[in-house]
Amino acid sequence: MDLNGLKIRILGAGIGGLTAAIALRQRGGDVAILEQAEAITEVGAGLQVSPNGVAVLRALGLEDQLASRAVRAEAVELRDYAGGKLVARLDLGLMPEDARYYFVHRADLIDLLAGAARDAGVKVRLLQKVAEVVPGSSPVARMANGAEAKAQLIIGADGLHSKSRSALNGTVAPFFTRQVAWRATVPNTMDHGPVAQVHMGPRRHIVTYPLRGGALVNMVAVQERQSWVEEGWHIADDPNKLRARFADFGGQARAVLNAVSDVRQWGLFRHPVAPIWQKDNVALLGDAAHPTLPFMAQGAVMAMEDAWVLGDALAKAPDINTGLAQYQQRRQDRVARVVDAASGNAWKYHLSFTPVRMAAHFGLRAASILAPGRMMGQFDWIYRHDVTTD
Ligand SMILES: Cc1cc2nc3c(=O)[nH]c(=O)nc-3n(C[C@H](O)[C@H](O)[C@H](O)COP(=O)(O)OP(=O)(O)OC[C@H]3O[C@@H](n4cnc5c(N)ncnc54)[C@H](O)[C@@H]3O)c2cc1C
């Protein structure tokens, strides 16, 4: 199908919406993004972009820009919480040279994508809060201020609390996973190298990695807890309370915790993958279709993969709705598998019974020394999948 001049409206200027805008504009679409915020900005936090996400940015001509703003990751290290002793190391250098893995500040990735979208001719309309989406042969997005946006194709990339998802699927309440998370960025005074460190403790873990040429360190800390905390991730918490909850963590985790001066907290909720991603000229993408827990660092990367496949499926299909059906069909199983893998990952880091934890750590250490390639290879289905050459 020729996308030239096809009137496409994308709801949400997050990582998924911006990537889709670039992909569809590069194929000739008449693309505008409607974003509720007054500016395209992002919170101070990090993002891991694994090789499958880099493949999409490369295909869009943006890998060099990413590389110039990001830290190239060398390894993922699993460490014991108490003294920071190395348990296992996944050497990212064992992957082929073109399979690059980066750590990037979210604000830098959003800035890069927004610049590329504007340069390609995408219109970005701010302060457009979508209240309702109505599928149809001429689908409509109704704004909270009463205005309407009509198009030939509407893409709902409006994130976790998507109006587009509820238009296609109704509303399903998520459930609290009994896990609470904190995020912070701190100056890299502890000489954190270009690796992601997972500090594994009983019922808790902390992930740290460097950003911005190594000037900053990003931290996400997770604790199992019975009591409920809100899902948004902008709730300020007291850094001393965070330090108290992780008081027994040592090594570099301790140094990072000590440096925290501003921290946000939120509850981790599990949402089902939406059964319906597309209907009557409306499609969902990214967190709007499949919110995921952060334990595989794949939410933004899946949104980028969606964006590429959506453009490709539309271009190869005879009409819009056939293209949208093929998009869902090409994406659904892979995304569901990644979401399940992320949901199943936390307990592996959180073993609380000391003998079990020690045995598990022994097994991991042995595997990483004796069969490092095999250990890395278990992630090939995620990292070595390239949707742009599929
Ligand atoms: C702590 C943490 C760490 C993470 N780390 C990683 C990682 O390392 N790697 C990774 O790949 N993923 C990671 N993720 C997941 C990733 O952040 C998300 O999956 C990703 O941002 C989803 O992108 P999106 O474009 O679908 O949605 P969003 O980024 O949420 O963007 C949605 C956009 O839509 C706008 N919007 C919402 N509602 C409306 C409306 N009604 N009208 C108009 N606009 C609207 C919003 O303002 C926003 O701009 C992490 C998530 C968390 C919480």
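Is Leu127 counted as buried or exposed? At 56% relative accessibility, Leu127 counts as exposed, where exposed denotes over 50% relative accessible area, buried under 20% and partly exposed the range in between (1.4 Å probe, protein chains only). The structure is a predicted model, in which local features need pLDDT of at least 70, side-chain atom pairs count only at pLDDT 80 or more, and totals for chains, interfaces and linings use all residues. Residues are numbered from 1 along each chain as its sequence is written, and side-chain values use heavy atoms, with hydrogens and water left out.

Leu127 is found in the loop between strand E8 (123-125) and strand E9 (130-134); helices (H or I, at least four residues) and strands (E, at least two) are DSSP runs, numbered from the N terminus. The phi angle of Leu127 is near 55°, a positive value in a residue other than glycine. Ala297 likewise is not a glycine and has a positive phi, of about 50°. This alanine, Ala297, lies in the loop between strand E20 (282-284) and H8, and is partly exposed, with a relative accessible area of 22%.

Helix H1 (residues 15-26) has twelve residues, which should span 16 Å at 1.5 Å a residue; the end C-alpha atoms of H1 are 17 Å apart, which agrees. The expected span of a helix is 1.5 Å times one less than its number of residues. Ten of the twelve residues of H1 are buried, so the helix is largely enclosed by the rest of the structure. Among these buried residues of H1 are Ile15, Gly16, Gly17 and Leu18. Just after H1, Gly28 takes a positive phi of about 105°. Helix H8 has 18 residues and reaches 26 Å from its first C-alpha to its last, close to the 26 Å expected at 1.5 Å a residue. In H8, 16 of the 18 residues are buried, so this helix too is largely enclosed by the rest of the structure.

Of the 27 residues around the ligand, Gly16, Glu35, Gln48, Arg106 and Asp287 come nearest; a residue is near a molecule or strand if one of its heavy atoms lies within 4 Å of it. A backbone N or O atom of Ile15 lies 3.3 Å from an oxygen atom of the ligand. For Ala300, a backbone N or O atom lies 2.9 Å from an oxygen atom of the ligand, and for Val301 the corresponding distance is 3.0 Å. Taken alone, the ligand exposes 1000 Å², of which the protein buries 86%; accessible areas come from the Shrake-Rupley method with a 1.4 Å probe, and for residues only the protein chains shown count as cover. Two or more residues of the shell around the ligand are given by each of H1, strand E3 (46-49) and helix H8 (299-316).

Aromatic contacts form a further group. A pair of aromatic rings is described by the distance of the centres and the angle of the planes. Rings of Phe, Tyr and Trp (its six-membered ring) pair if their centres lie within 6.5 Å; planes under 30 degrees apart count as stacked, over 60 as edge-to-face and the rest as tilted. By this rule the count comes to nine aromatic pairs. The rings of Tyr81 and Phe249 have their centres 5.3 Å apart and their planes at 55°, so this pair is tilted. Tyr81 lies in the loop between strand E5 (75-80) and strand E6 (86-91), and Phe249 in the loop between helix H6 (239-245) and helix H7 (251-259), so the pair ties together parts that are 168 residues apart in sequence. Both Tyr81 and Phe249 are buried. The rings of Phe103 and Tyr209, in contrast, have their centres 4.7 Å apart and their planes at 25°, so this pair is stacked. Phe103 in strand E7 (residues 102-105) and Tyr209 in strand E15 (residues 204-211) are 106 residues apart, and their pair links distant parts of the chain. Both Phe103 and Tyr209 are buried. Ring pairs link Tyr101, Phe103, Tyr209, Phe379 and Tyr383 into a cluster.

Conventions. A polar contact is a pair of N or O atoms within 3.5 Å; within protein, one must be able to donate a hydrogen and the other to accept it, and residues adjacent in sequence count only if both atoms are side-chain atoms.
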